Amino acid sequence: MHKSVDNYSPPWYHIIMSKCVKCSDIFNKKRLELGYNTCLGCGDLNAAAEIVRKSHSVAPAFNKGPYTYVYSKNQAKSIGR
Ligand SMILES: [Zn+2]
């Protein structure tokens, strides 16, 4: 018997799985079909960043100082979970 490194990546792996462009993690290819090229972990980070950006644009009235920025950042974090 001899071992092969190919055992770590069976042929079906590339058919149903895809590689994250950010951290090279493996994720389900159905996610790629939905338009994501990142794994779930990186996707969540993107979503959180998106919420922060949106909260800044929809609430300019509260944008009066550094405290506001911290507040909306924490808010986005709790929404993203
Ligand atoms: Zn990733």
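Why is Cys20 classed as partly exposed? Here are a few friendly notes on that residue and its surroundings.

1. Cys20 is partly exposed because 18 other C-beta atoms lie within 10 Å. By the cut-offs used, a buried residue has 20 or more other C-beta atoms within 10 Å of its own, an exposed one has 12 or fewer, and a partly exposed one falls in between, with C-beta atoms placed from the backbone.

2. **What you are looking at.** This is a predicted model, in which local features need pLDDT of at least 70, side-chain atom pairs count only at pLDDT 80 or more, and totals for chains, interfaces and linings use all residues. Residues are numbered from 1 along each chain as its sequence is written.

3. **Where Cys20 sits.** You will find Cys20 in the loop that links β1 (17-19) to β2 (26-28). Beyond its neighbours within four places in sequence, Cys20 contacts Asp25, Phe27, Thr38, Cys39 and Cys42; a contact needs C-beta atoms, placed from the backbone, within 7 Å. Asn37 is 17 residues away from Cys20 in sequence, yet their C-alpha atoms are 5.8 Å apart.

4. **The chain as a whole.** The protein chain holds four helices and two strands, in the order α-β-β-α-α-α from the N terminus. These are DSSP runs numbered from the N terminus: helices are H or I with at least four residues, strands E with at least two. Of the 81 residues, 5% are buried.

5. **Confidence.** Mean pLDDT (the predictor's confidence in each residue, from 0 to 100) is 73 for the protein chain, with 53% of residues at 70 or more. Confidence is highest in β2, at 92, and lowest in helix α4 (residues 66-80), at a mean of 57.

Key:
Contact = placed C-beta atoms within 7 Å.
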